[in-house]
Amino acid sequence: MSENLTREAIKSQVERLEYRNLAFIDGRFVPASSGETLETLNPATGECLTRVAACDSADVDLAVQAARRAFEAGVWSGLAPAERKATMQRFADLIEEHCLELAVLESLEAGKPISECFNVDIPDTANTIRWHAEAVDKLYDAVAPTAKGVVATVTREPIGVVGAVLPWNFPAMMAGWKLGPALATGNSVVLKPAELTSLSTLRLAELAHEAGIPAGVLNVVPGLGHVAGKAIGLHPDIDLVAFTGSTEIGRRFLEYSAASNLKRIVLECGGKNPQVVMPDVSDLKTVADNVLAAAFWNMGENCSAGSRLIVHRSIKDDLIDELQRQLDEEWVTGDPLDPDINLGALIEKDHMDKVLGHIERAKADGLTLVTGGVRLREENGGYFVAPTVFDNVPPDAAVARDEIFGPVLAIIPFDTEEEAITIANDTCYGLAASLWSDDLNTVHRMAAAIRAGTVSVNCFSEGDITTPFGGYKQSGFGGRDKSVFAHDQYCELKTTWIQLS
């Protein structure tokens, strides 16, 4: 990743780009059995990039068969952890070598700023694969403290065939979050990217095969969620499904599990995440910088987006002034392939219309619009929405309760600490939260009281690869992404009880 992210380098990469647009099953690219394809659009222009194989249940079945054959043959599951580690490290190296190519694919297909794809998303993907590879030969199993005359071992075994169903907002990164622990622990994987963003994931599968991951161990089946995703959820020979996406679809995977083979389900779902700012904070500039990052990073298309700013009434107006100043001076919306912009396009027209609908409803409800609230760059045919802020939002307003998944921030004033905690927890979600205070006692007290899987203090953060990521309440189910804790959910736990003579 030594290339400079220049306009010339980006232009050159775009000109020589090759789209992998077929399914990847049993080590090779193949068309969908039906011959059907899906259109993949560039959200910045509305133009078609390519057509991608539209897999259905027949293709999912072929992928599962390949994954099961590979698993039972032990070509991956039977390797020593150190051997899997070496191959996964080569995979991570190849991701880094192709960083610009992968970043351009993601920027074109998802409307994401190229600078974030190149500097954050793709390096994070490589780091995640490498980290889990490094961890796998350092995790020990156990011997139970039994009576004399008995030896009882407790060992982890790979669960088998894993189905991974990904969202469209961080395609490669979310692939890494699933593939890292699933592959490191010895499983085979059938992965379905979001139908809107398949291209970088298909390229990752090719790089994994090039790195030496055997045929059948990693399969990618692009297609519609209600077709290919449903087929994964209902397949009787898939042992676990790991899903990141909306809570609504997460519920369906639980239903699919109950209707099929009671496969294990791991969900990372939505969020309506609070950012709580106490009156004792001394540096409003830093607070505002982080608040805007939490609300508008990736155009607000982020499950951990801090879309509710719960701020003490005494400092609210001063904080709003600083937010407006930074938005005006530092937040630029434009062509996602421009390395100098930090706000790109929303993923598709339907989603843009949904976001704008939320904004129009908030206006109709009489909420105070501070900034934004309009579509941008319509003349280019893309799906851009200005970063939008509403002030004095009642906690029960739709804009303060619904996961909009766009660049919309609701500011909710409070007067007491107890009120702030009540507002923060008054949601069906519990994925993430941010808390701002200069008082250590306040920080400890409030961080413990906020019901969220990750609470960042005096910053906006999801943690790093060493910390588990997932949610309380309807934000998660069955496990966590990232960290060594992610390995356990892809394993079965076996007790071997040996009676000594």
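A residue counts as buried when its relative accessible area is under 20%. The legends below apply to a predicted model.

View 1. Within α1 (residues 7-15), the buried residues are Ala9, Ile10 and Gln13. Viewed down the helix axis, the buried residues of α1 lie within an arc of 100°, and so they line one face of the helix. These buried residues pack against α4 (99-110) and α5 (114-136). Glu8, Lys11 and Glu15 are exposed on the other side of α1.

**View 2. Centre of the largest pocket.** The volume of the largest pocket is about 1000 Å³. Its lining comprises 41 residues, of which Trp168, Phe243, Gly245, Ser246 and Ile249 are the closest to the pocket centre.

**View 3. Elements and residue classes in the lining of the largest pocket.** At least two lining residues are supplied by each of α6 (171-184), α8 (225-234), β10 (240-244), α9 (247-259) and α12 (349-364). Helix α9 contributes the largest share of the lining, with 6 residues. By class, the lining of the largest pocket consists of 19 nonpolar, 11 polar and 11 charged residues.

Key
Residues numbered from 1 in each chain as written. Predicted model: local features only at pLDDT ≥ 70, side-chain atom pairs only at ≥ 80, totals over all residues. Heavy atoms only, no water. 1 Å grid on protein atoms, 1.4 Å probe; cavity = no way out; pocket = protein on both sides within 12 Å on 5 of 7 lines; lining within 4 Å. Points joined across faces, edges and corners; volume = space filled by probe spheres on them. Helix = DSSP H or I, 4+ residues; strand = E, 2+ residues; numbered from the N terminus. Nonpolar A, V, L, I, M, F, W, Y, C, P; charged D, E, K, R; others polar. Buried < 20%, exposed > 50% of the residue type's maximum accessible area, 1.4 Å probe, protein only. Arc of directions from axis to C-beta. Contact = heavy atoms within 4.5 Å.
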